[in-house]
Amino acid sequence: MLEKKTAVVTGSTSGIGLACARAFAEQGANVVINGFGEADAIEAERSGIEKDFGVRCIYSAADMTRPDEIANMISNAENELGSVDVLMNNAGIQHVAPVDEFPIDKWNAIIAINLSSAFHAIRAAVPGMKKRGWGRIINTASAHALVASPYKSAYVAAKHGIAGLTKTVALEVAQQGVTVNAICPGYVWTPLVEAQIPDTMKARNMTEDEVKRDVLLQAQPTKQFVTVEQVAGFAVFLCSPTASAITGSILSMDGGWTAQ
Ligand code: NAD
């Protein structure tokens, strides 16, 4: 479905972004992966995508706190791979603290990586999409784009901001073949989530199952994690012709969390 197209996925060296980059490649897109990590592991992911799907994959080390590096990532993709047709703004970090103790540098980093980076990437990619009359912008938001949790002021503010950015850009490009949507996952089973389990088991004297059900999935009525494959499948669907009327939508994928 995405042959001869290029997908840029920010924050795709692990978790949701990596699954989405692989899913776009499976559909025939050349892909740009981005994010931090061990050089060898990143190269293994990059070459694995090329080998598994017979597409080109390039790695961008752009730091999502740096507007100049974000703009370069998009222009390099256009120069090396011909275009940027799918842009998935996915890079994100978290910090949890009461608002009156929230470190200012953490606030600034979360707003930069989880919100402003999407603006900078969209700003750089939209001219090419408008020129070609086709584009898909998918922002990884969160259930926290719709509801709040205590101690996550920066994350919730950034994710609500992503929802507003999604709607605004969707209106601006609605007649130019470009759709802009946000996927709002609940808890997704990623290495990040998995890594929290041993400490929580110790701290609360709970079994692994109790931590999953009563702590992590406390707000998620299905009591099941969303999987990275489900998010990736949703992102691919948003690139399909069937989804071309879906734009400006803030789309929940949260096991019922925000129905409450
Ligand atoms: P993850 O930690 O596995 O992936 C985050 C990615 O962002 C990594 O590739 C990391 O290297 C990259 N990154 C971090 N800082 C960066 C920077 N300054 N510049 C470039 N890349 C940077 O986490 P994940 O769970 O896959 O999260 C991906 C997105 O999904 C985030 O936006 C997150 O808020 C969102 N999300 C996650 C969950 C969940 O439960 N895991 C739920 C809802 C939304």
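## Terms and model

Ala, Val, Leu, Ile, Met, Phe, Trp, Tyr, Cys and Pro count here as nonpolar; Asp, Glu, Lys and Arg count as charged; the others, Gly among them, count as polar.

This is a predicted model, where local features need pLDDT of at least 70 and side-chain atom pairs count only at pLDDT 80 or more, while totals for chains, interfaces and linings use all residues. Residues are numbered from 1 along each chain as its sequence is written, and side-chain values use heavy atoms, with hydrogens and water left out.

Rolling a probe the size of a water molecule over the atoms shows where empty space is left. The search runs on a 1 Å grid over the protein atoms alone. A cavity is a set of points where a 1.4 Å probe fits but cannot get out. A pocket is an open set with protein on both sides within 12 Å along at least five of seven lines. Lining residues have an atom within 4 Å of a point. Grid points are joined across faces, edges and corners, and a volume is the space filled by probe spheres set on the points.

The count comes to 1 cavity of 30 Å³ or more. The largest cavity has a volume of about 50 Å³. Its lining has 4 nonpolar, 6 polar and 1 charged residues. Among them are Thr10, Asn89, Asn90, Thr140 and Lys159. H4 gives the most to this lining, with 4 residues. H4 and H5 each supply at least two. Helices are DSSP runs (H or I, at least four residues), numbered from the N terminus.

## The largest pocket

About 1,400 Å³ of space lies in the largest pocket. It is lined by 48 residues. Ile93, Gln94, Tyr155, Leu192 and Val193 lie nearest its centre. By class, the lining has 23 nonpolar, 21 polar and 4 charged residues. Helices that each supply at least two lining residues include H4 (104-132), H7 (197-204) and H8 (208-216).

## The ligand

Where does the ligand sit? It sits in the largest pocket: more than half of its atoms lie within 2 Å of the grid points. The ligand is surrounded by 29 residues, each with a heavy atom within 4 Å of it. The closest are Thr13, Ser14, Asn90, Tyr155 and Val188. This shell has 14 nonpolar, 13 polar and 2 charged residues.

Some polar contacts (pairs of N or O atoms within 3.5 Å) stand out by name. A polar side-chain atom of Ser14 lies 2.5 Å from an oxygen atom of the ligand. For Thr13, a polar side-chain atom lies 2.7 Å from a ligand oxygen. Asn90 uses a backbone N or O atom, 2.8 Å from an oxygen of the ligand. Taken alone, the ligand exposes 830 Å², and the protein buries 91% of that. Such areas come from the Shrake-Rupley method with a 1.4 Å probe.

## The second largest pocket

The second largest pocket has a volume of about 150 Å³. Its lining includes Phe119, Arg123, Lys130, Leu165 and Glu172. H4 and H5 are the elements that give two or more residues to this lining. H4 gives the most, with 5 residues. By class, the lining divides into 6 nonpolar, no polar and 3 charged residues.

Notes: A polar contact is a pair of N or O atoms within 3.5 Å; within protein, one must be able to donate a hydrogen and the other to accept it, and residues adjacent in sequence count only if both atoms are side-chain atoms.
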